[in-house]
Amino acid sequence: MLRREGDVLLAPCAQCGGTSRSRPQELVFYGHIESSVSTQCDCGAASEACGRGPLTGIAREALIARVGLARVHADPEVNRPVRVRLLAVFRRDGMTIAEAVDAYARLTRDGITDTPAVTQLLADRLAAAGGAVTTAAGTPS
């Protein structure tokens, strides 16, 4: 049974039955999110599970406990001339028009909060579309 203690995931080791410890991580790699979970046990067993896309569920919770959250924000007045291009960034990620408009409103109001890698990727994409954005790192929860 997988469970979280702070920023570590604990589960029975497949080799010895003891407790293995896993640490999730995310990073921006060539324009997308790469995620991984490194697992080690005192018996010496180790593994690495990697994938494309942000972490979800309990792995995401453990990551946030370790690295905290970050925020990307855009000033509405400064970005008004490129609003349509910034909306297109959200649309490319599969959002409907209404969802993109809502995301843009959140971006220019309080900002969008997510893991540091996810906010960095969004900031990079918005800047590439001509947006003037800022990011702020959070602290571990």
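This is a dialogue on how to read some features of a predicted model.

Reader: What should I know about the model before I start?

Author: The model is predicted, so local features need pLDDT of at least 70 and side-chain atom pairs count only at pLDDT 80 or more, while totals for chains, interfaces and linings use all residues. Residues are numbered from 1 along each chain as its sequence is written, and side-chain values use heavy atoms, with hydrogens and water left out.

Reader: How many helices and strands does the chain have?

Author: Helices (H or I, at least four residues) and strands (E, at least two) are DSSP runs, numbered from the N terminus. Here there are five helices and eight strands. Their order from the N terminus is β-β-β-β-β-α-β-α-α-α-β-α-β.

Reader: In what order do the strands of the open sheet stand?

Author: Two strands pair if DSSP finds at least two bridges between them. Five strands make up this open sheet, in the order β1-β2-β3-β4-β5, with antiparallel pairing. The edges are β1 (3-5) and β5 (46-52); each has a single partner strand, so one side of each has no neighbour in the sheet. On average, neighbouring strands are turned by 30° against each other, direction ignored. Leu10 is opposite Arg21 in β3.

Reader: Which strands does helix α1 touch?

Author: Contact means heavy atoms within 4.5 Å. For directions, axes are lines fitted to C-alpha atoms, for helices over the stretch in contact, and angles run from 0 to 180 degrees between N-to-C directions. Helix α1 (residues 57-67) packs on the sheet and touches β1, β2 and β3, its direction making about 80° with that of β3. Helix α5 (residues 116-128) also packs on the sheet, touching β3 and β4 (32-41), and its direction makes about 10° with that of β3.

Reader: What is the phi of Tyr30?

Author: Most residues other than glycine have a negative phi. Tyr30 has a positive value, near 50°. This residue, Tyr30, is in the loop between β3 and β4.

Reader: Is Tyr30 buried or exposed?

Author: Buried means under 20% relative accessible area, exposed over 50%, and partly exposed in between (1.4 Å probe, protein chains only). Tyr30 is exposed, at 74% relative accessible area. Of the 141 residues of the chain, 37% count as buried.

Reader: How many salt bridges does a search of the whole structure find?

Author: Side chains of opposite charge can pair when their charged atoms come close. A salt bridge is a side-chain nitrogen of Lys or Arg within 4 Å of a carboxyl oxygen of Asp or Glu. The search finds eight. One of them joins Glu61 and Arg4, whose closest N and O atoms are 3.6 Å apart. Glu61 is in helix α1 and Arg4 in strand β1, so the pair ties together parts 57 residues apart in sequence. Glu61 is partly exposed at 43% relative accessible area, and Arg4 is partly exposed at 36%.

Reader: Which residue forms a salt bridge with Asp114?

Author: The partner is Arg60, and the closest N and O atoms are 2.8 Å apart. Asp114 belongs to strand β7 (residues 112-114) and Arg60 to helix α1, so this pair ties together parts 54 residues apart in sequence. Asp114 counts as buried, at 17% relative accessibility, whereas Arg60 is partly exposed at 24%.
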